[in-house]
Amino acid sequence: MISIIIPIYNSEKTLQRCLDSISTQTFSDWECLLVDDGSRDRSLAICHEYVNKDKRFIVIQKENGGVSSARNIGLDNAKGGFVTFCDSDDYVSPKWLEDFDVLSNKDIVIQGYKYKRAEHVEYTAKELFESSDESLSRRELLARLLEYHNFGYLWTRCFRRSLIEKYTLRFNTDYVVREDEDFILHFMTHVKSFKTVSTNNYLYNEPDYSCKYKIISKSDISCTLDIIIQCLTLGFKVQSPMLSSEVTRISNNLVKGFLANRFSYDYVSDTKRKLRSLNVDIDRLSLPFHKCLFYQLFFMFF
């Protein structure tokens, strides 16, 4: 059985479309955990309507605590041998679950997706290459997923639940962005077998991130540090494009946060020390240093 976990918060406008698409799956052995995160609209009532029609839907209510806490509650209650995720503002094609091919018995199966930005009418397909663990290492797989813009999406993946439970993997509720990418990388450090398929059954409605990322937070810094640690564990070289981009993200956020009086001198200095303890040289790897004298001068003082 596949357990589908859907975190829900004030989703009445899109929830029915999402749950209708789950109902039409060609793979029938599933349960769908609808985790209502303290919604104040009709979302909870809509969830109960689907439970009354199909007992494979299960409603779980909780106080509002954010998407990570909602997903964690879903993991705590999941019963399937495999777990996947769906967002309440998206929907899926009928073969979404079938194409995860859980009978192949891999630790993780990954497929492509289609996405649409708010200003667009049509969905754009992001197909994935076909492969299995016989042809790629975990590090090579992740490097290729990065190339295919499929690195940190939960809903393109089906996870073996026994690995999640064996290593007590949960979403870090302190992270407000990239918590999904962090979870995936922690899971990948334990993966022994995997498979990718070229189908793209998930229809992703990309949100407007412009406001979300205007606020530079310590949460983002902490999550990026964690991602760097997992990438090193998975065998990425310090000089790899993957790690260089992560270090660049930290350096940009440290500069912006310090200039906006969000980060203290001690915080910036401590973060730089943490990177050096990982043998990650922020002065050498961060791309802005090669282009901007201001960045070079800024970090000379830390």
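## Charged groups over rings

The charged end of R144 lies over the ring of F129, 4.1 Å from the ring centre. A charge is taken to sit over a ring if NZ of Lys or CZ of Arg is within 6 Å of the ring centre and within 35 degrees of the ring normal. K53 likewise places its charged end over the ring of Y50, 4.1 Å from its centre.

## Basis of the model

This is a predicted model, in which local features need pLDDT of at least 70 and side-chain atom pairs count only at pLDDT 80 or more, while totals for chains, interfaces and linings use all residues. Residues are numbered from 1 along each chain as its sequence is written, and side-chain values use heavy atoms, with hydrogens and water left out.

## Aromatic pairs

A pair of aromatic rings is described by the distance of the centres and the angle of the planes. The structure contains 20 aromatic pairs. Rings of Phe, Tyr and Trp (its six-membered ring) pair if their centres lie within 6.5 Å; planes under 30 degrees apart count as stacked, over 60 as edge-to-face and the rest as tilted.

Y153 and Y204 form a tilted pair, with 5.7 Å from centre to centre and 50° between the planes. This pair links distant parts of the chain, 51 residues apart: Y153 belongs to the loop between α4 (138-147) and β10 (157-160), and Y204 to strand β12 (residues 202-206). Helices (H or I, at least four residues) and strands (E, at least two) are DSSP runs, numbered from the N terminus. Y153 is partly exposed because its relative accessibility is 23%, whereas Y204, at 5%, is buried. Here buried means under 20% relative accessible area, exposed over 50%, and partly exposed in between (1.4 Å probe, protein chains only).

The rings of W155 and Y202 have centres 4.3 Å apart and planes at 5°, so this pair is stacked. W155, in the loop between α4 and β10, and Y202, in strand β12, are 47 residues apart. W155 is buried at 4% relative accessible area, and Y202 is buried at 0% relative accessibility. Ring pairs join W96, F100, Y113, Y115, Y153, W155, Y202 and Y204 into a cluster.

## The sheet containing β12

Four strands form an open sheet in the order β5-β12-β7-β8, with mixed pairing. β5 (91-92) and β8 (124-126) each have a single partner strand, so one side of each edge strand is left without a neighbour in the sheet. Two strands pair if DSSP finds at least two bridges between them. Strand β7 (residues 113-117) runs parallel to β12 and is joined to it by five bridges. K116 stands opposite N205 in β12.
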